[in-house]
Amino acid sequence: MRARDRQGPSIRFQLLNQPALDDRQQTWSARHFTATRFMTREKVSASWRHYLGPSPDAASVSPYAAPARATDLSGLPAAHIATAQFDPNRDEAIAYALRLLQAGVPVDLHQWAGTFHGSPAAVSAEVSRRQIDELTAVLRRALA
């Protein structure tokens, strides 16, 4: 968004894998997947505190830092967004994908059934290998 707003540099593609996009943590998944295998609500909160500071004023959080707060997503590059079923960040990523689509941005959205945040790290699992292969192929196509 900042590159769009400042007319550069040119950003070609968004590859978002299980992204954290909303510091408010008010989605259904953020409220219900609070203690999943790898990512807990406390870890998500700690990540935002490290990123935004210990006690940011909610009204001053920039959409450049928390894209879910943006009011205008038009003119952004095409996106591939991958989400995990049991991930506190799942619904904010899906909402971002929908908002990108509504703004006219091409989006591929892949919801990986049965997975959790960070599951691709379990490289011995077949679904993890498929996730990694897909992300690799998507990135290759985007950069070709």
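Trainee: Where is Pro9 found?
Mentor: Pro9 is in the loop between H1 and S1. Those labels are DSSP runs numbered from the N terminus, with helices (H or I) of at least four residues and strands (E) of at least two. A cis peptide bond joins Gly8 and Pro9, with omega about 0 degrees.

Trainee: What should I know about the model before going on?
Mentor: This is a predicted model, where local features need pLDDT of at least 70 and side-chain atom pairs count only at pLDDT 80 or more, while totals for chains, interfaces and linings use all residues. Residues are numbered from 1 along each chain as its sequence is written, and side-chain values use heavy atoms, with hydrogens and water left out.

Trainee: Back to the backbone. What is the phi of Gln18?
Mentor: Gln18 has a positive phi of about 55 degrees, although it is not a glycine. Gln18 sits in the loop between S1 and H2.

Trainee: And which residue in that loop has a positive phi of about 50 degrees?
Mentor: Gln25, which is not a glycine either. Gln25 is in the loop between S1 and H2.

Trainee: Is Gln25 buried or exposed?
Mentor: Gln25 is buried, at a relative accessible area of 7%. Buried means under 20% relative accessible area, exposed over 50%, and partly exposed in between (1.4 Å probe, protein chains only). Gln18 is buried with a relative accessible area of 7%.

Trainee: What about Pro19, where is that?
Mentor: Pro19 is in the loop between S1 and helix H2 (28–32). It counts as buried, at 10% relative accessibility.

Trainee: What does Pro19 touch?
Mentor: Leaving out residues up to four places away in sequence, Pro19 touches Ile81, Ala82, Asn89, Glu92 and Ala93. Contact here means heavy atoms within 4.5 Å. Pro19 and His117 are 98 residues apart along the chain, with 9.4 Å between their C-alpha atoms.

Trainee: Switching to H5. How many residues does it have?
Mentor: H5 (residues 126–143) has 18 residues and reaches 26 Å from its first C-alpha to its last, close to the 26 Å expected at 1.5 Å a residue. The expected span is 1.5 Å times one less than the number of residues.

Trainee: Which H5 residues are buried?
Mentor: Ser128, Gln131, Leu135, Val138 and Ala142. They are on the same side of H5, because they cover an arc of only 95 degrees around the axis. The arc is that of the directions from the helix axis to the C-beta atoms.

Trainee: Why would residues spaced like that point the same way?
Mentor: An α-helix has 3.6 residues a turn, so residues three or four places apart point the same way.

Trainee: What is on the face turned away from the buried side?
Mentor: That face of H5 carries the exposed residues Asp133, Arg140 and Arg141. The buried residues of H5 pack against strands S1 (14–17), S2 (79–86) and S3 (107–116).

Trainee: Pick one of the buried ones. What is Gln131 in contact with?
Mentor: Gln131 is in contact with Gln18, Trp112, Thr115, Ser119 and Pro120, leaving aside neighbours within four places in sequence. Its relative accessible area is 2%.

Trainee: Now the core. Which residues touch the most other members of the largest one?
Mentor: Of its 14 residues, those are Leu73, Leu76, Ile81, Tyr96, Leu100 and Val107. S2 and helix H4 (90–102) are the elements that give two or more residues to this core, and H4 gives the most, with four. A nonpolar core is a set of buried Ala, Val, Leu, Ile, Met, Phe, Trp, Tyr and Cys residues joined through side-chain atoms within 4.5 Å.

Trainee: What do the buried residues of H4 pack against?
Mentor: They pack against S1, H2, S2 and S3. The buried residues of H4 are Arg90, Asp91, Glu92, Ala93, Tyr96, Ala97 and Leu100. After H4 comes Gly104, with a positive phi near 85 degrees.

Trainee: Last topic, the largest pocket. Which residues lie nearest its centre?
Mentor: Met1, Arg2, Ile11, Gln14 and Leu76, out of 17 lining residues. H1 gives the most to the lining, with three residues.

Methods
On a 1 Å grid over the protein atoms alone, a cavity is a set of points where a 1.4 Å probe fits but cannot get out, and a pocket is an open set with protein on both sides within 12 Å along at least five of seven lines; lining residues have an atom within 4 Å of a point.
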